[in-house]
Amino acid sequence: MSRSPRPGTVVSRAAVAVPRPWAVASAVVAPVAMIGGWLLAEGFAPGFDPVARTISELATAAVPHPGVMTAGLLVTGAAHVVTAAGLRGVRVAGRLGLALGGIATAAVGLLPLDVVPRAHGIAAGVAFGALALWPAVSARRDGPWPLRPSVVVPATAVLLGLLGWFVAEAAAGGPVEGLAERAVAAAESLAPLALVLALRAASSSRRRAGSS
């Protein structure tokens, strides 16, 4: 049988690093809104080349229904902020990084590329950067395995690698700029969900071990 901690017992950070239940829902919403948003927007824009053209272009007057991608960006951003609020036990720096990435993602939608290109570019840079770095700054040596540096640092390295590919394509006006952007955007939208599910799985394993 499991035993309750004795009075005065210090509960480790690993034992309390369990996301709020509603954080699962918000973590699911983010990639659905981001990936589903661009797929739906592309469906409304016949002839749009997703390999060469960027997500941002789907939220401009160059396509028939720019509001579709704008809504996708706004929902994705809001979902990241909600998930950050629900990441109980994760370092504050990591949660703030995810929330910043969410706010900047929403700003990307509110600042269209064809209207305010400079502000749009700044918002996109902050969003991509924050969403790539937040896993690493969430690292906790005394936390459960999903928060260990050996897990989150390589995850950040992958995200930064994808971001570097996109930046290189954008700088060179490469033929696969859109594909590179979608790769990093998809990975960054899925990262919070991966962490939430891993933390909940780790918590369940601890509970089963404690009750045996």
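Buried means under 20% relative accessible area, exposed means over 50%, and partly exposed covers the range in between, with a 1.4 Å probe and protein chains only. The model is predicted, with local features needing pLDDT of at least 70 and side-chain atom pairs counting only at pLDDT 80 or more, while totals for chains, interfaces and linings use all residues. Residues are numbered from 1 along each chain as its sequence is written, and side-chain values use heavy atoms, with hydrogens and water left out.

**View 1. The salt bridge between Arg 182 and Glu 42.** In this pair, the closest N and O atoms are 2.9 Å apart, a salt bridge being a side-chain nitrogen of Lys or Arg within 4 Å of a carboxyl oxygen of Asp or Glu. Because Arg 182 belongs to helix α7 (residues 177-211) and Glu 42 to helix α2 (residues 21-43), the pair ties together parts that are 140 residues apart in sequence. Helices here are DSSP runs of H or I with at least four residues, and strands are E runs of at least two, numbered from the N terminus. Arg 182 counts as buried because its relative accessibility is 7%, and Glu 42 is buried as well, with a relative accessible area of 15%.

**View 2. The salt bridge between Glu 57 and Arg 53.** The structure holds 2 salt bridges, and in the one formed by Glu 57 with Arg 53 the closest N and O atoms lie 3.2 Å apart. Glu 57 has 22% relative accessibility and therefore counts as partly exposed; Arg 53, at 27% relative accessibility, also counts as partly exposed.

**View 3. A nonpolar surface patch of Val 51, Trp 165 and Leu 179.** Together these residues have about 240 Å² of accessible area, computed by the Shrake-Rupley method with a 1.4 Å probe, where for residues only the protein chains shown count as cover. Patches are made of residues with over 30% relative accessible area and no salt bridge, like charges being joined within 9 Å and nonpolar side chains (Val, Leu, Ile, Met, Phe, Trp, Tyr) within 5 Å. Trp 165 is located in helix α6 (residues 149-172) and, at 34% relative accessibility, counts as partly exposed.

**View 4. The protein chain as the setting for the close-ups.** The protein chain contains 7 helices and 0 strands, and its C-alpha atoms fill a box of roughly 65 × 30 × 25 Å along the principal axes. Of its 212 residues, 43% are buried, while the accessible surface comes to about 10300 Å², with 69% belonging to carbon and sulfur atoms.
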